Amino acid sequence: MSYPQELLSASPDQKHIHLQSNCESCFGLCCAALPFAVSSDFAIDKNAGHPCPNLRNDFRCGIHTGLRAKGFKGCTVYECFGAGPKVSHTTFNGRDWREAPETAASMFEVFPVMRHLHELLWYLTEALLLPAAQPIHSQLHSALEQTERLTLLPAEALLQVDVHAVRAEINELLLRTSELAREAARRQLHNAPKRAKVYRGADLIGAKLKKADLRCVSLRGAYLIAADLSGADLRGADLIGADFRDTNLCGADLRGTLFLTQSQLNAAKGDASTKLPDRFLHPEHWMVV
């Protein structure tokens, strides 16, 4: 499965499909390349570059259906944005690290770099789907194409990419996108606050925000761990990088939110009454009847 070159000129909707985890087309890279430590998210310690003991020879998880019950909640939350398949089948041309062990070290180093780039592609793709961002669509397109071309570099060149610099440049465009989209949402939502609050990077751990009006606010990078957002109205809010671990989203309205990811939802708690944008799924562990 090589990365289709035609995706460089594909529509944002088509690109989104290739920016999602697809474990069937990956060499178990998140299970081998990344470290984790004993915590509420992981039952054991594992060093970077060492395969998880639950990883089978066919690169599938031996306890996939019981990850949460066995203490591996973190695995059910992680999202690679399609970086695993890209590294497996484009960067390394389908040669896996077990058949070609000489590729393992390089493959495991490249994977986190690719994951950062693919996350940026996800956000840029979403930005291009927002009509309100039309004034900067040409800049967003340019950033998207440049980032996509970085992902097609050979392994040695990928390891030289300054991910922090790329992220900083793209973040300026995403901030501008957020401002334009939230302003447009404020005009459309009845009685929405004229000047939305900004909680960027705020410590809202355990905050009591039940039924709060959070329409069009910026929650970029906010810590919402175990916060109560049940019944809250988050329409038009910017959620990029917000930490939703164990956040109560039961009955919350997240339709029209900006830069939401499935992994954020997987980390949270919710139910059948939680309203989500069309392309997102209610996680299996939510109390959905």
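This is a predicted model: local features need pLDDT of at least 70, side-chain atom pairs count only at pLDDT 80 or more; totals for chains, interfaces and linings use all residues.
Local features need pLDDT of at least 70, side-chain atom pairs count only at pLDDT 80 or more, and totals for chains, interfaces and linings use all residues. Residues are numbered from 1 along each chain as its sequence is written, and side-chain values use heavy atoms, with hydrogens and water left out.

## Helix packing

Two packed helices are described by the angle between their axes and the distance between the axes. Axes here are lines fitted to C-alpha atoms, for helices over the stretch in contact, and angles run from 0 to 180 degrees between N-to-C directions. Helices are DSSP runs (H or I, at least four residues), numbered from the N terminus.

| Helix pair | Axis angle | Axis distance |
|---|---|---|
| α4 and α5 | roughly 125 degrees | within 8 Å |
| α5 and α6 | roughly 155 degrees | within 10 Å |
| α5 and α8 | about 15 degrees | 11 Å |

Angles under 35 degrees count as roughly parallel, over 145 as roughly antiparallel, 65 to 115 as roughly perpendicular and the rest as oblique. A crossing is left-handed if the near helix is turned anticlockwise from the far one by less than a right angle, and right-handed if clockwise. Contact means heavy atoms within 4.5 Å. For residue classes, Ala, Val, Leu, Ile, Met, Phe, Trp, Tyr, Cys and Pro count as nonpolar, Asp, Glu, Lys and Arg as charged, and the others, Gly among them, as polar.

Take α4 (residues 83-91) and α5 first. Their axes cross at roughly 125 degrees, so the two helices are oblique to each other. The crossing is right-handed. On the α4 side the contact uses Ala-83, Gly-84, Lys-86, Val-87 and Thr-91. On the α5 side it uses Met-107, Val-110, Phe-111, Met-114, Arg-115 and His-118. These residues divide into six nonpolar, three polar and two charged.

Next come α5 (residues 104-128) and α6 (residues 137-151). They are roughly antiparallel to each other. Their crossing is left-handed. Among the α5 residues in this contact are Met-114, Leu-117, His-118 and Leu-121. From α6, the contact includes His-137, Leu-140, His-141 and Leu-144. The residues of the contact comprise 10 nonpolar, six polar and one charged.

α5 passes α8 in a left-handed crossing. From α5, the contact residues include Val-113, His-116, Leu-117 and Glu-119. α8 supplies Val-163, Val-166, Arg-167, Ile-170, Leu-174 and Thr-177.

## Burial of α4

Buried means under 20% relative accessible area, exposed over 50%, and partly exposed in between (1.4 Å probe, protein chains only). By that rule, nine of the nine residues of α4 are buried. Lys-86 and His-89 are among them. The cover over the buried residues of α4 includes α2, α5, α6 and α7 (155-158). After α4 comes Asn-93, with a positive phi near 50 degrees.

## Salt bridges

A salt bridge is a side-chain nitrogen of Lys or Arg within 4 Å of a carboxyl oxygen of Asp or Glu. The count by this rule is 17 salt bridges.

Glu-24 and Arg-60 form one, at 3.4 Å from N to O. The pair links distant parts of the chain, 36 residues apart. Glu-24 sits in the loop between α1 (12-17) and α2 (29-33), and Arg-60 in the loop between α2 and α3 (73-77). Glu-24 counts as exposed because its relative accessibility is 59%. Arg-60 counts as buried because its value is 19%.

Arg-115 and Glu-119 form another, at 3.0 Å from N to O. They are four residues apart in helix α5, so about one helical turn separates them. Arg-115 and Glu-119 are both buried.

Arg-215 and Asp-233 meet at 4.0 Å, N to O. Both lie in the loop between α8 (163-188) and α9 (262-267), so the bridge ties together parts that are 18 residues apart in sequence. Arg-215 and Asp-233 are both buried. They also belong to a salt-bridge network with Asp-213, Arg-235, Asp-253 and Arg-255.

## Ser-218

Where does Ser-218 lie? Its place is in the loop between α8 and α9. Ser-218 is buried because its relative accessible area is 3%. Not counting residues up to four places away in sequence, Ser-218 touches Arg-182, Lys-197, Val-198, Tyr-199, Arg-200 and Asp-238.
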